[in-house]
Amino acid sequence: MNIFGLDMDFSQQYLRAALMVSLLSVWLLVGLFYYLNHYTRREYFTVWTTAWLFYALWLTLGLKFPDSALDGAMFKIKQCCVAVSAVFLLWGSLRFLSIPVRQRLLGLFMRFLLVWTFVSPLVLTDALDPRIRKLEMQIPVFFLLGLSSVFAGVCFYRLRKKMPFVGAGMLSLGFLLWGLYLGTYPLSQQDQHLYSAGFFVAAVLQLFIAVSMIVLVLEEVRFRNEQVLAEIAA
């Protein structure tokens, strides 16, 4: 790959390193969201932490079992991790916006995705090319995960419109770009260069989300302190 005159080699031999970098950045996000939940006592941080944990599990299984068979149990387990991560990411975004949603509906939605993961190999077309079959099985789940990330970006964009928080705008951009990456992930697998490079890009976006979240929390603390000082002065 040649970008701006620079030769960028992201061949298959760098895939494991890319997965490790992405996994480490996800664990950084897990630790950050866990700390923020402990510090702020906000439920949506707990839900988002769970989403990142299942995404980290998917990356870990990808490292351990990189070439799992499409009809095998390991491939289905990895698909389940992505589906559960998508549902929890969507749930956390709904909680962030204070939109009342019954947990039973989310539970039924998660069951539908899990059932689809195990049933899809039986109902999809028997394509001779395994890459096409893999695309048919992955696109619905990863598209949902991408939409959930985009929805989280919209949540933070709405917050940025209401409050002068730069961190909210940064998070909106980070989640929107991360959702774009996730939605196109099944397609990027078709090219070994894009596949490896995608995990490095994901790691950068995940670190950007972590930094943006720190900025947002610090801005919220400063805003509350300014309000308290203003009330005292009044």
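These legends accompany several close-up views of a predicted model. Residues are numbered from 1 along each chain as its sequence is written. Local features need pLDDT of at least 70, side-chain atom pairs count only at pLDDT 80 or more, and totals for chains, interfaces and linings use all residues, while side-chain values use heavy atoms, with hydrogens and water left out.

**View 1. The overall fold holds eight helices and two strands.** Helices (H or I, at least four residues) and strands (E, at least two) are DSSP runs, numbered from the N terminus. Of the 234 residues of the protein, 45% count as buried, where buried means under 20% relative accessible area, with exposed over 50% and partly exposed in between (1.4 Å probe, protein chains only).

**View 2. Phe 33 and Trp 52 form a tilted aromatic pair.** The structure holds 20 aromatic pairs; rings of Phe, Tyr and Trp (its six-membered ring) pair if their centres lie within 6.5 Å, and planes under 30 degrees apart count as stacked, over 60 as edge-to-face and the rest as tilted. Here the ring centres are 6.4 Å apart and the planes stand at 50°, so the pair is tilted. The two residues are 19 apart in the chain, Phe 33 in helix H1 (residues 15–40) and Trp 52 in helix H2 (residues 43–64). Phe 33 is buried, at 0% relative accessible area, and Trp 52 is buried too, at 2%.

**View 3. Trp 52 also pairs with Trp 178.** This second pair is tilted, with 4.7 Å from centre to centre and 40° between the planes. Trp 52 belongs to H2 and Trp 178 to helix H6 (residues 166–183), so the pair ties together parts 126 residues apart in sequence. Trp 178 is buried, with a relative accessibility of 1%. Among the other buried residues of H6 are Gly 174, Phe 175 and Tyr 181. H6 has 18 residues and reaches 26 Å from its first C-alpha to its last, close to the expected 26 Å (1.5 Å times one less than its number of residues).

**View 4. H2 packs against helix H3 (residues 73–96).** Their axes lie 8 Å apart at an angle of about 160°; axes are lines fitted to C-alpha atoms, for helices over the stretch in contact, and angles run from 0 to 180 degrees between N-to-C directions. That makes H2 roughly antiparallel to H3, a term for angles over 145 degrees.

Notes. Angles under 35 degrees count as roughly parallel, over 145 as roughly antiparallel, 65 to 115 as roughly perpendicular and the rest as oblique.
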